[in-house]
Amino acid sequence: ESRNNENVDEYPQPVSEKSKMFIVCREIFFVFAILFTAYATILNTQSKTKRGSPAVPFFHNENIKDFYQGDLKQLMLDISEVDFAFVMFYAPWDADSQDIKSEFIEASEFYSHLVYFAAVNCWEPGSECRAAFKDAVYHFPQLVAYVGPHKAIEFKGPQTADHIIKFIHSILHPIQRVNSVTDLWRLRYLHDAVLVGHLKFLGNKPGKGFQMLYQTSLLLASRDHERHTAIAVFTHTKTNALLGVTNTPTFVLYLWNKRIVYNGQLKTDSLVNWVLSRTQKGLSELNSNTLLPNMKGGAVMVMFTPRHPLSSVIPYYHMIRRIAMNFNVCNNSTSFFEEDFFSYVLQYGKFYKTGYEQDIISSELLLREKCTKRSKTNRQVSGISYNSCSIISPRVWDNMTCSNSMHVCPNLKIMLSEERYGEVSKIWKQDKRSTEYVIALAEEERCSILKRIPLPLMPKPSFNLTNLPSSCKINSSFSFIALDSDQYSHLANGLGIQLKKIKHRTAVAIFDDEEVLKLDTAEVTELSVSNLLKRYFAGERNRSLRSKKDSVYLHSNSKQLLYDSHSVSIIELDTNTFLSVALNKTMNVAVLYHSPYCSFCLGVSNLFLSLAHLLRNINNLLLVRLDGELNDLPWQYTVHSYPSIIFFPAKRKSESRIFPQTSPLTFYTLSNFILSNLQVYERISVLLALCSRWGDDPLASEEGERCLQNVRTNSLEGISDTLREYRRILLRLKHSSSHVTKADLNVRLRLLFRYLEYLKTAHLQLALVKSLQLTVIFLEQLKNKLFIM
């Protein structure tokens, strides 16, 4: 049997069904674990970002070719086939790009016949533009003019249609030709400075000097698209000799009071840098571009006036130029030639009875009339050509002719007068390359520009201007600056000058070490500006205080609300109401100085409002606010940081106190600051009002009961101090021999007696307190009976 048992143990036991299932499940789980790990690995290797929606056209205008997918090769190919191109590099999501979109379209409609306009989406990921101009186009939008495929000039001016048109105009007409000294003088009158190239042409070859002047003009257009510095060329040998120029090429920079000859290398970069350095330094007394650098050097007279970029004459600007010239010219500071120029500019009455700018304006008015007549004629001709010539050829106006023949338009002579018929026939017969056509095209461009320019604003003429101040007689620097009323309206608004309410939106002010002297007349004239200058140098520098009502600000938060008995409001003071409220002898006034640019002021204003709500029943305590950014105050009431709190105690305004800047501004510290500046008898009702912070019933909470006990303690201390003062006055009265002193002491004794009467009644009332605010009202009424507030 034992042998049989041993044989049985040698054979393997059969596996159970449960064990088989466990093994299979384990293998299946292992396979699923491998598959899940592989799937997770694949998911992690894939990018978590996806490409955005495909680009769509940004411009839908026939004058602008939009490369909305960022194609750069085709753009450069198109630019190489035209003379002038103007390109906008944009990003479709950019707010500035969206804002300038309409301005760019308007400029393209104006110059589409002369300039190729294009727009490139340089933000599109993976585009040619983004790959090539990643570092060059670092902001959007970026406007660039191309003169051929290799010369690019970036536009850096205000992004409006008129400024863009002026920039393109300065690129198309970079150099002006002057034929005489009189032409040069007129050019100097219209511009702050003039760079003149005295050149000699050999046939049709302009030479290196002209190319250098041309490149200089294009580079200066990027920084000075309004052409404050004009670029001109002299080609007459006799005129060069008259001006003392013997060698060519010679470059001369004419500033407002002197001429400077360029002696550097004949390289474009050197000439550009020389012009920029000389104009920035030489125009410090009369500049129309900068403000802050001049303010650091001394006083500055600033004129705000509309300056349309396309206007050739701005009367108000030329007016302040004349004043600046009179102020800065000295008798022995110029040569004979320059003195002759000053006589031309300063004494313009000898040459033009109504002023030089008036003569130019009159000529422009005549040109406007001619342009109006021309536009009417063109409209009539356009209608006739459509009706009479459209049958003959689909391209009626081919090469500016009506099928190159007048015989096919038999009705034209009947519908037009003989004069207009001859004029129109001459235009039709012109060749696009002819001189007549080029002149007509230039006149058409001038007419189009005049349509965009508003009529000039003329100041009232002034006569007999004598005894003007002179820079030679003062020992300080003084500058004159003219700023555009539209571009710098925010600056005028900050000074309290509402340009919209002033005639011609023109105002004048003088800056001097944080002080502003404004012209207080209703109209800016040469006489009023000269008188303002005289007053300044005569020492009449009455500081004009700027008020919130004089400016328009979006951060003004004053609202008209309806208040009930449980509501409280904090009065918002301004320059006009500050002194009457803060210096009211019967009122204790706490003034919070705040600023819209101060983030901490908001929290302090809420704290101030909470305190005002608790003290709403205190009759002779007023909590008010003042916006220190919008309102100017006399120096003794001006603070230098925000927020600041000044307490003006009643009957003791000379003892005003400012909240310590080193102390934390909390409810506890602010309450103690107000209590410390009140008299003893005034503190009781204020302390009771502050106890209502824990509820109107002081016995309802432990904090309220403890606060009421503190008020009683302060009341006893007040009575003790007042009695001590009363006995001291009695002792002085007993030993005093002067009748005047006795009378003053008797008045003081009667006042102290009223204080004691009030403190005694208040202390007795504190034992019966059930409502803190009702008790405060009772004490305030008692105070009004006992004291003449």
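I looked up Phe648 to begin with. Its relative accessibility is 3%, so I noted Phe648 as buried. This is a predicted model, so my entries describe a prediction. Next I went through the aromatic pairs, and the structure holds 30 of them. Phe648 pairs with Phe578. The geometry is edge-to-face, with 6.1 Å from centre to centre and 80° between the planes. Phe578 has 0% relative accessibility, so Phe578 counts as buried. The cut-off for buried is under 20%.

**Ring cluster and charges over rings**

Which charged residue sits over the ring of Phe58? I found Lys101 there, its charged end 4.7 Å from the ring centre. I logged another charge over a ring at Tyr317. Arg307 lies over the face of Tyr317, 4.1 Å from the ring centre.

**Salt bridges**

I turned to charged pairs. Side chains of opposite charge can pair when their charged atoms come close. How many salt bridges does the structure hold? I noted 13.

I opened the one between Arg505 and Asp486. Their side chains meet at 2.5 Å, N to O. Arg505 is in the loop between helix 18 (489-494) and strand 16 (507-512). Asp486 is in the loop between strand 15 (478-484) and helix 18. The two residues are 19 apart, and the pair links distant parts of the chain.

The next entry is Arg652 with Glu655. Their side chains form a salt bridge at 3.0 Å, N to O. Glu655 is partly exposed because its relative accessibility is 35%.

I also looked at Glu702 and Arg706. The closest N and O atoms of this salt bridge are 3.3 Å apart. Both residues lie in helix 24 (residues 702-735). They are four residues apart, about one turn of the helix. Both Glu702 and Arg706 are exposed. Elsewhere, salt bridges that share partners join Glu106, Asp162 and Arg452 into one network.

**Backbone entries**

I finished with the backbone. Most residues other than glycine have a negative phi, and most peptide bonds are trans. I collected some exceptions.

The peptide bond from Phe140 to Pro141 is cis, with omega near -10°. Pro141 is in the loop between helix 5 (128-132) and strand 4 (142-147). Thr248 and Pro249 are also joined by a cis peptide bond, with omega about 0°. I found Pro249 in the loop between helix 9 (237-242) and strand 9 (250-254).

His504 is not a glycine, and its phi is positive, near 60°. His504 is in the loop between helix 18 and strand 16, where I had already placed Arg505. The relative accessibility of His504 is 21%, so His504 counts as partly exposed.

Lys651 has a positive phi too, about 60°. Where is Lys651 found? I placed Lys651 in the loop between strand 21 and strand 22 (657-658). Lys651 has 55% relative accessibility, so I logged Lys651 as exposed.

Technical notes: Residues are numbered from 1 along each chain as its sequence is written. This is a predicted model: local features need pLDDT of at least 70, side-chain atom pairs count only at pLDDT 80 or more; totals for chains, interfaces and linings use all residues. Side-chain values use heavy atoms; hydrogens and water are left out. Rings of Phe, Tyr and Trp (its six-membered ring) pair if their centres lie within 6.5 Å; planes under 30 degrees apart count as stacked, over 60 as edge-to-face and the rest as tilted. Buried means under 20% relative accessible area, exposed over 50%, partly exposed in between (1.4 Å probe, protein chains only). A charge sits over a ring if NZ of Lys or CZ of Arg is within 6 Å of the ring centre and within 35 degrees of the ring normal. A salt bridge is a side-chain nitrogen of Lys or Arg within 4 Å of a carboxyl oxygen of Asp or Glu.
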